[in-house]
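Have the structure open as you go through them.

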Amino acid sequence: MPGGGLMRGFSKKEKDESEMAPLRYTPLNGSGNEGSSGNGDHATAPVSAEPEMELEIDESLMNTGEDGLTTTEATARLREFGPNALEEKVVPKWKKFVAQFTGPMPCMIWTAIFIEGLIADWPNLFVLLVLQIVNGTVGFYEDSKAGDAVAALKASLKPQAQVKRDGQWKNINAAHLVPGDRVALNAGAGVPADCRVCAGPPIEIDQAALTGESLPVTFSEGDVAKMGSTVVRGEIDAIVAATGGNTFFGKTASMIQSVDEIGHFQKILIRITTFLLGVSLFLVSICLVYMLANSEPFLDALAFAVVLLVASIPIAMQVVCTTTMALGSRKLAEQKAIVARLSAIEELAGMNMLCSDKTGTLTMNKMVLQDDLPTFSPGLTRNHVLQAAALAAKWKEPAKDALDTLTLNAIDLKPLDAFTQLDYMPFDPAIKRTCSTIRAPDGSVFKVTKGAPQIVLDLCKNKAEIEDAFNAKVVDLATRGIRALAVAKASKVGSEDASSTAGDTWEMMGILTFLDPPRPDTKSTIERAGHYGIEVKMITGDQQAIAIETCRVLGMGMNIVTPEDLPTGDQAIGSRVLGQDYGEIVESADGFAQVFPDHKFIIVEILRQKGWMCGMTGDGVNDAPALKRADIGVAVQGATDAACAAADIVLTAPGLSTIVTAILYSREIFQRMKNYVIYRIACTFQLLFFFFFAVTCMHPSLYWDGFDAKYFKMPVTALVIITILNDGCIISIAYDHVKASRKPEVWDLGQVFIVAIVAGSIALASSLILLDLGLDSHNPHGWFAKLGLEPLDYLQVQAMMYLKVSLSDFLTVFAARTHGPFFSRRPGLKLTIAAIVAMVTSTLLARYWPLPDMEGISWKLCGLTWLYVIIWFIIQDVGKMIAYWCLFLTSTGFASQEREVADRKRQLQRSNRQSLTRESIRRGKKVGELVRPSTRLPSAPSDVAGAMTRIAELEAVIADLKNSLRK
């Protein structure tokens, strides 16, 4: 279209030697051939793009001035183009409702209904149909409730964008952006829409989520940054070129979202369900063959086998556990922890290692400017240094971080308006300083910079003169936990490029001193984390001495190492032996200081390879790789868009206490799911093996001639009712009252199956014994006669066994939910009410069975059945406790191994009270050389001469160490 154009997906700038180039906007001439880009320095070679990567843009919308759009223009464009949001693939409610009647379990019930129709058993057909409708409706309601909970949490994570409208910068919901908006692209922020980069210094953007490129791509004027990518370095203005479904991301979202990786929790459920399905199919097949061999009508036998399979397979396990996690996620949201991925709850419950960022998580992230401000050039005052520090920021815009906030609030900014900022280099974690090129009121041009003391000192021409005094002051501040920020000025500049130092003559002005105090609750929170089996390691980019002082105040270990001993990023990528080579170094350290972004990733990977379930907290774009690599990535309050996108959990309240609270809640959720799994396996075991033995071994006609049945079975309707009541009422386990474990949670399937089988076996034995007593009720010397009970006919025996099996199933819930006696922890109110409703319903059905396929039993027999079930429930509970006790005894060997590992680890660590001398810090000594034994010992020499040489080397090392400690 006229004035339109194509956004090319992967064009290549001639000046860029990399194969990874930014997306470029290239207008078309009238003939449709590519012409000049309009930017002479950034002309592009013609590159053909695939049709799905071509995005049309109306060039007439891109003529936005420096003041941005007006509110009126933005409102009109929002109505025209719609919100800047991708259309989600929403399944209609009616389709979800229909799906409740077309799954595996509903299809089996439909099969049973069809068979009942073929044999003209209309009462059973009607009951099955009603139960099918009730089951589908309840399932739809629970599924909708869980989905709504997750949708509400996702809605709370709406991305923000910094946009300039009516000449004012403001933060708005990114969904309200329109084509032509002027937005700010800052390091750490996500690109909110397809945006054409304006004039200014190049920025680097991570496009990995869209293109798979592993390294950031440099974007310059005229390049189009894609929605969904992340700015990793620099800051610049850009004009929104396309929004919502018209963006590159919008047109490829279906491909990106098609990847659905099966999580750890889903794998566990699949393993459990597959195992039980295999056992069920095997035993049900034997029952079917046996019934057919004994002249049972094919359709009757098939109907019974199908419904028995439905009753025994835990098809609802996925639904119940997912609903439990969804409801738990709402509870976590109330505790200021928003779950971006439901399965992260299970992983959070098993976390035993937390790598925590220092600033903002352990500390207040609220710097306090100190009165102490040393200067290193004659004639300078405190105000001179503060003014230079303010000029090294964008003083006309809102502060980007806490340090800029303090600097800009420390002086009156009005006098600074007389200065003009010609160029600005924002803070970069790799460069560790900011820089501005300034034109003074008299027309002279100079540069000012502020940043890490050692970095700024290396720029200064007077370094040799002030180095000793400078380092002494920095060390003195560091030992008191006070952060230093150096400020320097270049009166003579080689160029106006703020990122270049060539030709500049720098002179140190002074040191700003800040204090970021620990949060009041951090120390107690760390102690609480240790109480629950979570080890906390501090990872910070701050100086080592500051990190040590912070650890001392918080009561953490003071073995803080620097990352020189760790591999580089290139060495670590794809390595499978990081844990083997560097595991002891990382495990024995209490924290790491002076780290760069790739170090965080490497530390997390080493811990994961050593078997730790590792969590990582972060807030910046530099934390995103480590957050993504960690088992549980936690974006703290105020985190950048990049960190939030990479994290599994996003905190909306400050501090470490929120994380620990979330861990405890996740362990409670895990306990509920684990209790349900044990209960469901026990019920499946009892039900399946009961009918297997009842069909193949219990022959009613052999007990009494009046029984016509060759084997015992239960009506299809009764089996379906048991299944529906079980799965319908047990959803209330999501509200059960549980207690968080003192240790991180793991899926020990061996323990789960053993406990479930023990509980199921006791219930199975009690069912078979009661069936034997019921079938033997006509024996004048039997137990029924001794208790004065009337003999039962076959239909009454079926009703009694229906009541017994139902009650045993429901009571098994209360046995499965505790390790100790069932009364050691009160159940949740909703669970109790659900169980009472289910058991009362089963009792009423056993007393007043409405269909002709069973006959109701007396109230007396109902009461005795209740008493019988309760007695066996107590036996079942004792058996469960014995099983746990035996498992504990058999695991003592493993426990002793764990203690041995813990002892070895403590030997590697040094006393928290060991101090470092100022001289060692000034010389840049790594703390690992002083407080940590080497883990890479050379091999033993094979000859005497070699041994003597090695001994001499060791003696020299010991002597050097003694000398260092004496200084």
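1. Start at the surface: Trp783, Leu787, Leu864, Leu867, Ile871 and Ile875 make up a nonpolar patch there, with about 570 Å² of accessible area together. To count for a patch, a residue needs over 30% relative accessible area and no salt bridge, and nonpolar side chains (Val, Leu, Ile, Met, Phe, Trp, Tyr) are joined within 5 Å. A salt bridge here is a side-chain nitrogen of Lys or Arg within 4 Å of a carboxyl oxygen of Asp or Glu. Areas come from the Shrake-Rupley method with a 1.4 Å probe.

2. Before going on, bear in mind that this is a predicted model, where local features need pLDDT of at least 70 and side-chain atom pairs count only at pLDDT 80 or more, while totals for chains, interfaces and linings use all residues. Residues are numbered from 1 along each chain as its sequence is written, and side-chain values use heavy atoms, with hydrogens and water left out.

3. Which helix gives the most to the nonpolar patch? That's helix H30 (residues 859-890), with four residues; helices are DSSP runs of H or I, at least four residues, and strands (E) at least two. Leu867 sits in helix H30 and counts as partly exposed because its relative accessibility is 48% (buried is under 20%, exposed over 50%, partly exposed in between).

4. Now the inside. The largest nonpolar core has 79 residues, and those with the most contacts inside it are Phe690, Phe691, Phe712, Leu771, Met800, Met801 and Tyr802. Helix H28 (residues 794-816) gives the most to this core, with 13 residues. Domain 1 (59-256) and domain 2 (268-325 + 669-871) both supply residues, so the core lies between them. A core means buried Ala, Val, Leu, Ile, Met, Phe, Trp, Tyr and Cys residues joined through side-chain atoms within 4.5 Å; the domain bounds come from an automatic or database assignment.

5. An unreviewed UniProt entry lists transmembrane regions, including 268-292 and 747-775, though such annotations may be inferred rather than shown by experiment. In the model, residues 268-292 are 100% helix, with end C-alpha atoms 36 Å apart. Residues 747-775 are 93% helix, and their end C-alpha atoms are 42 Å apart.

6. Two backbone spots deserve a look. Most residues other than glycine have a negative phi. Lys336, however, has a positive phi near 70°, in the loop between helix H9 (317-334) and strand E13 (337-339). Gln594 has a positive phi near 60° and lies in the loop between strand E23 (591-592) and helix H20 (597-609).

Terms used. Patches are made of residues with over 30% relative accessible area and no salt bridge: like charges are joined within 9 Å, nonpolar side chains (Val, Leu, Ile, Met, Phe, Trp, Tyr) within 5 Å. Buried means under 20% relative accessible area, exposed over 50%, partly exposed in between (1.4 Å probe, protein chains only).
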